[in-house]
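Colleague: I would like to go through this model with you. Could you put it up, please?

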Amino acid sequence: MNINATLIGEAIWFGVFIWITMKYVWPPLAKAMADRQKLIADGLAAGERGKHELELAGKRSADALRDAKAKAAEIIAAAEKRGAQMVEEAKVTAKIEADKVVASAKAEIAQQVEQARAELRGRVADLAVAGAERILKREVDARAHAEMLSALKQEL
Amino acid sequence: MASGEALTTSGYIVHHLTNLTVGHGFWTFHLDSLIVSGLLGLFAFLGMAKLASRAAVVGPGKLQTFVEMLVSFIDQQVKDTYHGKSALITPMAVTIFVWVFLMNAMDLIPVDFIPFVLGFAGVHYFKVVPTTDPNLTFGMSLTVFAIMLVMGVKVKGVGGFLHEVFTVPFGAKLAPLNLLFRVIEDVAKPISLALRLFGNMYAGEMVFILIALLGLWQLPLALPWALFHILIITLQAFVFMMLTIVYMSMASESHG
């Protein structure tokens with residue numbers, strides 16, 4: 001056991017190694033470990049958040065689905081109602097239209113009957129005149145007998 | 001076994017316990033201790049520094065994981081014991097543990113191997129375990145002691161430090177006695193620290209040498225002792241580190 005200057009040399013080595021560790025080994029390693037810890041913690045937190053959000057989204061989607069179903073039912077009901085209403089309206093319109101058509105047809109028929117009657121009257125009158133002409137074998141002054149003829153027409 | 005030595009038992013033992021020296025008197029340097037401790041330290045700490053410089057946050061390699069595990073284990077020990085705030089304590093604890101462990105581990109190299117190899121190079125004395133050199137253990141413990149004193153003064157201030165030295169544990173009236181107690185207490189720290197490590201490693205190395213003297217019988221004996229010694233190597237490194245942390249925490253907390 002002889003103490004000598006080796007002690008100083010070893011103390012210097014020791015100091016140098018402490019300095020290296022303090023300056024170049026510990027801080028970067030500690031930082032890397034702390035960063036990793038933070039990264040993992042953040043990842044776990046993000047996972048937790050994601051799970052929570054998924055839950056919320058599930059709830060939201062269920063709500064949305066329920067709303068959509070309700071709305072769809074509503075729309076269908078409204079559409080059915082509107083359809084029935086439209087059919088009803090169509091029925092009414094059709095009835096009116098049909099009545100109109102019938103009325104106009106009746107009017108036309110009446111008019112045609114009237115027309116045919118008038119024509120017939122004319123012809124009968126002419127026939128009567130022609131007959132009378134023949135019977136009488138003489139000319140009848142149409143103008144002079146017009147009044148009488150028209151009175152005759154009215155009688156027909 | 002170096003050539004030119006008498007092949008006596010005591011000669012063999014003395015040969016293995018003699019340092020490779022240069023210089024005279026106090027200015028003698030144990031080249032073997034200085035070189036082995038220096039190379040081991042440079043290897044370990046420059047290697048760790050290189051590894052730390054490109055330490056990956058995501059996907060660390062196996063070596064980085066190992067070093068991180070070691071370093072965070074030591075950091076945990078420091079956090080459990082030392083409650084002050086100092087950027088020095090953990091790095092110092094890491095340095096002590098890793099360095100002392102590696103130097104102690106030199107003990108596991110068969111005692112005749114390195115002297116035999118170096119014998120060819122004309123180097124006849126070479127103690128390969130630097131921790132069996134009290135110069136190293138005292139060099140470390142006195143450095144720890146100096147840091148401890150500086151830290152005590154830094155944390156408590158010069159006044160606070162002196163106040164503690166003179167008033168603890170018996171109060172201001174017995175100041176000289178307090179001082180005496182404090183001196184004994186503090187001086188005992190580096191001495192016990194250095195001698196514990198030195199004694200353990202020296203004794204262990206001595207047992208290895210004695211086993212090596214047994215001829216063929218060393219084969220069944222050296223292995224169990226080496227296995228057992230792995231425990232001592234680790235334990236002594238841990239104890240040195242742990243006591244250093246404890247001393248630092250004592251220095252930075254109020255006494256008694």
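Colleague: What does the secondary structure of chain A come to?
Modeller: Chain A has two helices and zero strands. Helices (H or I, at least four residues) and strands (E, at least two) are DSSP runs, numbered from the N terminus. This is a predicted model, in which local features need pLDDT of at least 70 and side-chain atom pairs count only at pLDDT 80 or more, whereas totals for chains, interfaces and linings use all residues. Residues are numbered from 1 along each chain as its sequence is written, chains are lettered from A and ligands numbered from 1 in the order in which they are written, and side-chain values use heavy atoms, with hydrogens and water left out.

Colleague: What radius of gyration does chain A have?
Modeller: Chain A has 59 Å, whereas a compact globule of 156 residues would have a radius near 15 Å. The radius is taken over C-alpha atoms, and the globule rule is 2.2 Å times the number of residues to the power 0.38. Along the principal axes, the C-alpha atoms of chain A fill a box of roughly 190 × 30 × 20 Å.

Colleague: And how much of chain A counts as buried?
Modeller: The share is 13% of the 156 residues. Buried means under 20% relative accessible area, exposed over 50%, and partly exposed in between, with a 1.4 Å probe and protein chains only.

Colleague: What does UniProt list for chain A?
Modeller: An unreviewed UniProt entry lists residues 6-26 of chain A as "transmembrane region". UniProt positions are given in the numbering used here, feature names are shortened, and annotations may be inferred rather than shown by experiment. In the model, residues 6-26 of chain A are 100% helix and 0% strand, with the end C-alpha atoms 28 Å apart.

Colleague: Turning to the rings, how many aromatic pairs are there over all chains?
Modeller: The count is 14 aromatic pairs over all chains. Rings of Phe, Tyr and Trp (its six-membered ring) pair if their centres lie within 6.5 Å; planes under 30 degrees apart count as stacked, over 60 as edge-to-face and the rest as tilted. One of the pairs is that of Phe14(A) and Trp99(B), which is stacked, at 5.9 Å centre to centre and 10° between the planes.

Colleague: Why does that pair join two chains?
Modeller: Phe14(A) lies in helix α1 (residues 6-136) of chain A and Trp99(B) in helix α4 (residues 89-105) of chain B, so the pair joins two chains. Phe14(A) and Trp99(B) are both buried.

Colleague: Which pair is tilted, at 45° between the planes?
Modeller: Trp225(B) and Phe228(B) form a tilted pair, with 5.3 Å centre to centre. Both residues lie in helix α8 (residues 218-252) of chain B, three residues apart, about one turn of the helix. Phe228(B) is partly exposed, with a relative accessible area of 42%.

Colleague: Which residues do ring pairs link into a cluster?
Modeller: The cluster consists of Trp13(A), Phe14(A), Phe17(A), Phe45(B) and Trp99(B).
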